[in-house]
Amino acid sequence: MSGNKINDLAGYSTWWRYVKLYRCNLCNRSFNQNLNLTLHRRMHTGERPYSCDVCGWTFTQKSNFTVHQRIHTGNRFEDENRGGVNIC
Ligand SMILES: [Zn+2]
Ligand SMILES: [Zn+2]
């Protein structure tokens, strides 16, 4: 089965030729994942599917939205930790 190994090596060295690039037709930037292109295109369309219930701020990406929500959830553990060092 050494022939398979050689084929694998050859395939590995040329795999990138078969990676489909997703190109934005508005600014010509290319992305290796369709998801990345989708997220990027929201920048052009202004689509912001994630909106904060508390302050109404909108986000294009869920990760940014999640980070933002921490300021409302009252999770001030880090701040208390920092300020609490000198207490006691
Ligand atoms: Zn674009
Ligand atoms: Zn908010």
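**Figure 1. Confidence along the predicted chain.** In this predicted model, the chain has an average pLDDT of 77, and 62% of its residues score at least 70. Confidence is highest in helix α3, residues 62–69, at a mean of 93, and lowest in helix α4, residues 77–83, where the mean is 53.

**Figure 2. Layout of the whole chain.** The secondary structure consists of 4 helices and 4 strands, and these elements follow one another along the sequence in the pattern α-β-β-α-β-β-α-α. Of the 88 residues in the chain, 0% count as buried. Among the contacts between residues at least 6 apart in sequence, 0% join residues that are at least 24 apart. The UniProt record, an unreviewed entry, lists residues 22–49 and 50–77 under "domain: C2H2-type". The span of residues 22–49 is 43% helix and 14% strand, and its end C-alpha atoms lie 22 Å apart.

Figure 3. Is Lys20 buried or exposed? Lys20 counts as exposed because it has 10 C-beta neighbours inside 10 Å, and a residue with 12 or fewer is placed in that class. Although Lys20 and Ser30 are 10 residues apart along the chain, their C-alpha atoms are separated by 9.8 Å.

**Figure 4. Close-up of Asn28 between two strands.** Asn28 lies in the loop that runs between β1 and β2 (30–31). Its phi is near 70°, a positive value in a residue other than glycine. Most residues other than glycine have a negative phi. With 7 C-beta neighbours inside 10 Å, Asn28 counts as exposed.

**Figure 5. Close-up of Arg48 and its contacts.** Arg48 is found in the loop between α2 (34–45) and β3 (50–51). Which residues does Arg48 touch, if those up to four places away in sequence are not counted? They are Thr58, Phe59 and Thr60. The C-alpha atoms of Arg48 and Gln61 are 7.7 Å apart in space, while the two residues are 13 apart in sequence. Arg48 is partly exposed, because 15 other C-beta atoms lie within 10 Å, a number between the limit of 12 or fewer for exposed residues and that of 20 or more for buried ones.

Figure 6. Phe65 lies in helix α3, the helix in which the mean confidence of the chain is highest, at 93. With neighbours within four places in sequence left aside, Phe65 is in contact with Tyr50 and Phe59; Phe59 is also one of the residues that Arg48 touches. The C-alpha atoms of Phe65 and Ser51 are separated by 7.5 Å, although these residues are 14 apart along the chain. Phe65 counts as partly exposed because it has 17 C-beta neighbours inside 10 Å, whereas a buried residue would need 20 or more.

Key
Residues are numbered from 1 along each chain as its sequence is written. Chains are lettered from A and ligands numbered from 1 in the order in which they are written. This is a predicted model: local features need pLDDT of at least 70, side-chain atom pairs count only at pLDDT 80 or more; totals for chains, interfaces and linings use all residues. Two residues are in contact if their C-beta atoms, placed from the backbone, lie within 7 Å. UniProt positions are given in the numbering used here, feature names are shortened, and annotations may be inferred rather than shown by experiment. pLDDT is the predictor's confidence in each residue, from 0 to 100.
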